[in-house]
Amino acid sequence: MAAARVPLWAICVLRVALATVYFQEEFLDGERWRNRWVHSTNDSQFGHFRLSSGNFYGHKEKDKGLQTTQNSRFYAISARFKPFSNKGKTLIIQYTVKHEQKMDCGGGYIKLFPADVDQKNLNGKSQYYIMFGPDICGFDIKTVHVILHFKNQYHANKKSIRCKVDSFTHLYTLVLRPDLTYEVKIDGQSIESGSIEYDWQLTSLKKMEKASAEAEGWDQAAKDKSQDWEKHFLDASASKPSDWKGELDGDWQAAMLQKPPYQDGLKPEGIDKDVWLHQKMKNSYLTEYDLSEFENIGAVGLELWQVRSGTIFDNFLITDDEEYAENFGKATWGETKGPEKEMDAIQAKEEVKKAQEEDEDDMLMGRFRGRENSFKGFHRRNEF
Ligand SMILES: *[C@@H]1O[C@H](CO)[C@@H](O)[C@H](O)[C@H]1NC(C)=O
């Protein structure tokens, strides 16, 4: 049998075609980003974002991103996309962040929100699915957060991950896979990985579910009863269609009515109290299914506090394809990181030169200068 030869370009095209890109934002169309991103008006004191590539960059246009502009402010801004569920698929969240102001205290992370998030009212209490990225405050906090929301509770990563603290642009990538493994990358390098269940210490929650069922002496009969649960919500007013043929169509069942939420004091007629309570408890424990799935992802946002502003967020990507994310990272951050460092080095040299010239001028003029002033020119960005 002659093997069909597939040209390389065809494989590449196929790969791109297989990737689903839920959201991608490079801010390449001037001020039109304002049509896609919504500043929250929940608090009139919230800080404003502007589009900027900063004081030094690899490419003046391509490096433009959302920059925080006011010191000691909360910020809240978000963008929508078509809602999706990551069930059974890999989820990758990636973006670049640059603290060119020499960050002393402030967030550099992003949040993924459910589609029903109120963008105009976005604030610190808005429920999110995932919070990911660097957070710096003083000497103690230099952390990459990965906070996941399961069953009305936030869970922080237990393995601490150190973030970058210099003022260059860095690429942050979070990968959550359907086999319940994860990976955190900085600048394309894997710096932490493992099991979602263990690294977020969720095992105890799963055990509790099993233990509680056992402790209550659940036997097969009780389990069967529990499976009958949904029958209490069938549409009792529906009747079997007259042309229904059992042999062909299978057993007829009435359509489901919407299930009421499991709440205290709310109990459907005729159901066993134990079954009710068990279902109610079950709802607050985690199953494997819960650890990987976010049903209705629909917005990405920056909701954070900064003491000194100047951070630039850019190159946002949400996709299901690791290879696509890698290539996107290379095509954006990968291309501009080198020239950005060069520009910074040139500026630093010029600053030193200028300071020396000023000192020479001062000496020639015999003018006395305060100690503070003569050191001013040697301020460098990356002394942290
Ligand atoms: C801001 O959000 C909070 C919490 O959601 C809400 O209680 C408050 O009314 C909002 N403020 C404004 C001005 O909309």
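User: Which residues of helix α8 are buried?

Analyst: First, the basis: this is a predicted model, in which local features need pLDDT of at least 70, side-chain atom pairs count only at pLDDT 80 or more, and totals for chains, interfaces and linings use all residues. Residues are numbered from 1 along each chain as its sequence is written, and side-chain values use heavy atoms, leaving out hydrogens and water. Buried means under 20% relative accessible area, exposed over 50%, and partly exposed in between, with a 1.4 Å probe and protein chains only. Helices (H or I, at least four residues) and strands (E, at least two) are DSSP runs numbered from the N terminus. In α8, residues 322-331, the buried residues are A325, F328 and G329.

User: Why are these residues on the same side of α8?

Analyst: An α-helix has 3.6 residues a turn, so residues three or four places apart point the same way. In α8, A325, F328 and G329 are buried; they cover an arc of only 100° around the axis, taken from the directions from the helix axis to the C-beta atoms, which puts them on the same side of the helix.

User: What do the buried residues of α8 pack against?

Analyst: Contact means heavy atoms within 4.5 Å. The buried residues of α8 pack against β1 (21-25), β6 (91-99), β12 (169-176), β16 (311-319) and α9 (333-365).

User: Which residue caps the N-terminal end of α8?

Analyst: A polar contact is a pair of N or O atoms within 3.5 Å; within protein, one must be able to donate a hydrogen and the other to accept it, and residues adjacent in sequence count only if both atoms are side-chain atoms. The cap is D321, with a side-chain oxygen 3.0 Å from the backbone nitrogen of E323.

User: Is G310 buried or exposed?

Analyst: G310 sits in the loop between β15 (297-306) and β16. Its relative accessibility is 8%, so G310 counts as buried. Not counting residues up to four places away in sequence, G310 touches Q67, T68, K98, E100 and Q101. G310 and T68 are 242 residues apart in sequence, yet 5.1 Å apart in space, C-alpha to C-alpha.

User: Where is H145, and which side chain does it join in a polar contact?

Analyst: H145 is in strand β10, residues 141-150. The side chains of H145 and D135 are joined by a polar contact of 2.9 Å. H145 counts as buried because its relative accessibility is 18%.
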